[in-house]
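This briefing goes through selected features of one model, grouped by topic. Please keep the sequence and the structure open while reading.

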Amino acid sequence: MLGIGSDGGEMRNGMRRVLTAALAAGTLMTVTACASTTQVPTGDALYRDGQDRYDSYATTMHSVIMAIHEGRWDVDQGSWGASPIPCRTDGGGAGYAFSWARVLKKDDLEVDTIVAAASAAFEDADMTVTTATYGAGDREEVNVIATGGAVVRGVVTIRPARGTIRVTAEPGCFAGDAADLSDMVFAGVSYPGLARRLPAFEGTDWQPRFYFPEDGSPVYWNEDGTPIDPPPTTTDLPVAPYGAGS
């Protein structure tokens, strides 16, 4: 297992190659920071910083999608939301970001009801909400856009003609080494095993997950890239040996 003070250079280099190539099916990106800090966290402090930020924004987004539809949502394009992604902060320093996206396919979408539910959930999280409609007919797209709080920017995109709702979150770029953080979040797991351990769905039994070691983490995806359905059930998630006492 890789950890603070580990000599696992080979694993670390492998993780860096994965991050620069395409971590978790295309979620690698460069974003502009919405937050800056005078001190860059490292070691256990970095893990705890990432975990706190992930837990906070992911919990808010769970409330949003459950307000829209209290059932199972697909995790879109591997964007479970706990994979640290390299980015640049406002000050130009190295940072980490998260990619979170959920999709629901449903016939006969009640657009007004969805907009109202999403708006209320965002407002309950002390976020500022606006709506925008683009196109018409089969190309109509209704967006609920919320800013502020731990999520920073959340968007619910409704495409009535396609029967789809896509919900995304962009919680910003935070100071810290994304590769170092990823080494801790996915300790002992190398790509593609890493991607297969990211849950394929989010439902009513969702729990925040910010640690995916090979020993103790179930596999949610088949080798051919299709999700395991029904997904494996988990009760006790593995506990990370980082951030204790922080």
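The torsion about the S-S bond of cysteine 87 and cysteine 173 is about 90 degrees, so the disulfide is right-handed. The model is a predicted one. The points below begin with this disulfide, then turn to strand pairing, the nonpolar core and local backbone features.

**Disulfide**

- The count of disulfides comes to 1.
- The S to S distance between cysteine 87 and cysteine 173 is 2.0 Å, which is within the 2.5 Å cut-off for a disulfide.
- Cysteine 87 belongs to strand β2 (residues 85-88) and cysteine 173 to the loop between β8 (164-169) and β9 (174-175), so the bond ties together parts that are 86 residues apart in sequence.
- Both cysteine 87 and cysteine 173 are buried.

**Strand pairing around β3**

- Strand β3 (residues 94-97) runs antiparallel to β2, and 4 bridges join the two.
- Within this pairing, glycine 95 of β3 is the residue opposite cysteine 87.
- The hairpin of β2 and β3 has 5 residues between its strands, and glycine 92 in this hairpin takes a positive phi near 90 degrees.
- β3 also pairs with β9, in the antiparallel sense, over 2 bridges.
- Here tyrosine 96 stands opposite phenylalanine 174 in β9.

**Nonpolar core**

- In soluble globular proteins, nonpolar side chains tend to be buried together.
- In this model the largest nonpolar core has 51 residues.
- The residues with the most contacts inside this core are Tyr47, Tyr54, Ile68, Val156, Ile158, Ile165 and Val167.
- Helices and strands that each supply at least two residues of the core include α2 (43-68), α3 (111-124), α4 (178-185), β6 (141-148) and β7 (152-159).
- β1 (73-75), β4 (100-105) and β8 likewise each supply at least two residues.
- α2 gives the largest share of the core, 10 residues.
- Which residues are in contact with isoleucine 158, leaving aside its neighbours within four places in sequence? They are Leu109, Val111, Ile114, Val115, Glu140, Glu141, Val142, Thr164 and Ile165.

- Aspartate 108 is a residue other than glycine with a positive phi, near 55 degrees.
- Aspartate 108 sits in the loop between β4 and α3.
- The relative accessibility of aspartate 108 is 72%, so this residue counts as exposed.
- Aspartate 126 is not a glycine either, yet its phi is positive at about 60 degrees.
- The loop between α3 and β5 (128-134) holds aspartate 126.
- With a relative accessible area of 69%, aspartate 126 is exposed.

**Cis peptide bond**

- The peptide bond joining aspartate 229 and proline 230 is cis, with omega about 5 degrees.
- Proline 230 lies in the segment after β10 (201-202).

**Loop between β7 and β8**

- Alanine 161 is found in the loop between β7 and β8.
- Leaving aside neighbours within four places in sequence, alanine 161 is in contact with Gly137 and Asp138.
- The C-alpha atoms of alanine 161 and glutamate 140 are separated by 7.3 Å, and the two residues are 21 residues apart along the chain.

Definitions and conventions
Residues numbered from 1 in each chain as written. Predicted model: local features only at pLDDT ≥ 70, side-chain atom pairs only at ≥ 80, totals over all residues. Heavy atoms only, no water. Buried < 20%, exposed > 50% of the residue type's maximum accessible area, 1.4 Å probe, protein only. Core = buried A, V, L, I, M, F, W, Y, C linked by side-chain atoms within 4.5 Å. Contact = heavy atoms within 4.5 Å. Pairing = 2+ DSSP bridges.
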